Structure formats: structure tokens, C-alpha cells
Amino acid sequence: MSLTGTPFYITTIVLAIAAVVLALFAWNHIPGPKPVKVIARLFMLVTCQFTAILMVFVMVNNANSLYDTWDDFLGTGGSHVVEAREPAPPPAPEQKLLTKFDPAGDGKMGEGVQETTLKGPQSGVEAEVYVWLPPQYKDPAFADKKFPVVELLPGYPGSAKAWFGTLDVNKQLKGMMAKGEVAPFILVSPRTKLLAGQEDTGCADVPGKANADTWISGDVRRMVIDNFRAESDPKHWAIAGYSAGAHCATRMALLHPDRYGAGVSLSGYNDPKGESDSVTSKDPALRVSSNPLTILKNAQQPPKVALYMAGEKGDGLGDAQALKAIAKPPTAITVAEISGGGHGTDVWRRMVPDVFRWLTKTLV
């Protein structure tokens, strides 16, 4: 039974209620000596607690798109890294990275989301990618137009479905795009949980582990350009994320101004230690080289990229201000303070319209 499916969710509710009802009914009707009654009652209490915790976990997981499958949750699934090797060079322009898309199987993601399984020739990663096209894409008036692109990264743990299923980015933007309030962007969300077990790549190329950076900024980007009427100029591309995905977005935008003209960080952090499961936080050299502060300080020339960084005091705001303090033109950093709400999807969902208004001004 699917971890995120409605049948399992309903089953957990029924089990939680049934456990309480049965305990109430059987509490004073247990036969046998006193030790047997004590053990039976303890078992009933444990069962009630377990079913209640399971129900709450499923509710939280479904609301926040933390884990897609039981394998992701238990860490028993296979790695999505086909081959742990050095990243391959980019393919020649005439070698198109074409792939077949189908409608997304999860209805919670909303109308129009497509999915494919992409085997990245550069990264050696094979995983799912979700794409949503703006209302104008199939409009005959836009038949010759290429569209700007935003790559969307979830936190950790987090699902590639989260921006569509939890943050409702496509549902929020569809009407705004139709009215011309924001530009018609192609939205792309690739899997970022690439390793088996409880390990996060930090969206970096980690020797012997995974070429996560090459997967996101190389293979996925190339696939979108080859399969859709997408702009290829970096000034029309952005990468956005929340929490651990915000760290990734900032890091990659600064590292690859030849691929992204803008980056968006919602409640992100600079030090990879912000996610203890990140492999970049456990390697001293990677911890330093993956820190956006280090990247910006050591850049031979300030990268031509614009960043929108939002955070609350104690949750991303200080990190954003630290980057802004050392940024020099043409690097441009906009810092927005989040007022209350904590570190959660409800906050980031509310920020979607403002983020895309900023992206419209910055990329179009």
C-alpha cells in the first residue's frame, strides 16, 4: 500500500480509532490473573499510542511531502546513482537529450504536471523529473515563444513533488500567469534524494557518492531545453529552494552564473552543517567549499547573478544578510525578512506569489 495514498491514510485513521474503542471495551473484560491483565493493558496502551503516532506521521508526511515511498522513509531503497564516477563532459549540441513524458501519477500535484524518468549522461544519475508548462505554452499566439525556466528544489527530507503538491506553486501561479501578473515560467522539479539510506547529497558533486550538482544543473537543464520551448540563456533561468533546497539553490546559482541568472532561498543556510545528514557537512573540505560565503569570497570575479533570500531571525535571515554584506556588483542580493510562521511549508507556500513577482522583474 502506497505511503502517500489515500487508502493508507484512511487505514491509519480507522486503526487509531479501532485501537481506542477496543481498549475501552476490553479494559475491564480481560480474563486471567492480575499479571496477565497488566500485560494485556500495557499492550493495548502501546497499540493505541503506535496507531496514533502512525496516523499523525502520515498526516504530516502528506502535508509536507517528506517521503514519497516506504523505501525513502526506511532508507531501504536503492541509490538513484547509476554509476559513481567523475562527471562526464557535456554532450555535443546535436546530441539531444530527449525523453518521454507522461501525466504525473499523483493527483495531489494538480493539473498539468508531467513526469519522466531521466538517465543523466553527465551525472550518472537516474531519477524522476516533474515539469509543468504555463497556460501560454499551448496558446497559438505564443507558438514561436521560448519560455523562462525555474528549477524547484525541496528540503531534506523532501520529495520532488513538494512544490506542486504541498506549496501549490502551479495552482497559485496559473491564474496569475493568465492575468499577466507574473511571467509564464516553465517549472521543473527533479529528485534530489539520490542516495540510499539517510544521506543528503547537499546538491554537490561528491566523489564516490553522487554527481548531484551535475544532475540538477547539467542533465536536467539540458533535458528541459531539448524537450520544450525553453530559453537556454542563463539570464532566463532561475533555481529556487526552501530549507536544504534553499542552500542548494544559493550554492548553485553562485557557482554557475553561466547556467542561472537568479536564485531563490527560502529559510536557507550557508554552512552545510545546517543539514546534519548532508555528506558535504561531514567532509571538512567539502563543508568549506560548499558554503556560499566561501564561494562568493573566493570567486575570481563576482558572479553575475541575482539572489532573493528570505528568512526569519534565527532561521535564514542572518545567513542572507551575511552574504549580502560581502556581495559586490554584478552580484545582487535582495533580503526579505519573514515575520513569524516558523520553518514550514505554510510559510513558504504564502511566499510563492512574491517570489515569482521578483523573478518576473529579474529574468524577463
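Predicted model: local features only at pLDDT ≥ 70, side-chain atom pairs only at ≥ 80, totals over all residues.

Trainee: What makes C203 and C248 a disulfide?

Mentor: The S to S distance between C203 and C248 is 2.2 Å, and a disulfide requires cysteine sulfur atoms within 2.5 Å. The pair therefore meets the definition. By this rule the count comes to 1 disulfide. C203 lies in the loop between strand 5 (186-190) and strand 6 (205-206), while C248 belongs to helix 7 (residues 244-255), so that distant parts of the chain, 45 residues apart, are linked.

Trainee: Why is the disulfide of C203 and C248 called right-handed?

Mentor: The torsion about its S-S bond is about 85°, and the disulfide is therefore right-handed. Both C203 and C248 are buried.

Trainee: Which residues line the second largest cavity?

Mentor: C203 and C248 are among them, as are P154, Y156, K193 and D200. The cavity holds about 60 Å³ of space, and its lining comprises 5 nonpolar, 3 polar and 2 charged residues.

Trainee: Why is S278 called buried?

Mentor: Its relative accessibility is 2%, and buried means under 20%; S278 therefore counts as buried. S278 is located in the loop between strand 9 (262-266) and helix 8 (279-282). Leaving aside residues up to four places away in sequence, S278 touches D200, T201, G202 and P272.

Trainee: How do you know that E111 and K174 form a salt bridge?

Mentor: Their side chains meet at 3.6 Å, N to O, and the criterion is a nitrogen of Lys or Arg within 4 Å of a carboxyl oxygen of Asp or Glu. The pair therefore qualifies. E111 sits in the loop between strand 1 (102-103) and strand 2 (113-119) and K174 in helix 5 (residues 169-178), so the bridge ties together parts 63 residues apart in sequence.

Trainee: Why are D354 and R357 said to be separated by about one helical turn?

Mentor: They are 3 residues apart in helix 12 (residues 345-363), which means a separation of about one helical turn.

Technical notes:
Residues numbered from 1 in each chain as written. Heavy atoms only, no water. Helix = DSSP H or I, 4+ residues; strand = E, 2+ residues; numbered from the N terminus. Buried < 20%, exposed > 50% of the residue type's maximum accessible area, 1.4 Å probe, protein only. Contact = heavy atoms within 4.5 Å. 1 Å grid on protein atoms, 1.4 Å probe; cavity = no way out; pocket = protein on both sides within 12 Å on 5 of 7 lines; lining within 4 Å. Points joined across faces, edges and corners; volume = space filled by probe spheres on them. Nonpolar A, V, L, I, M, F, W, Y, C, P; charged D, E, K, R; others polar.
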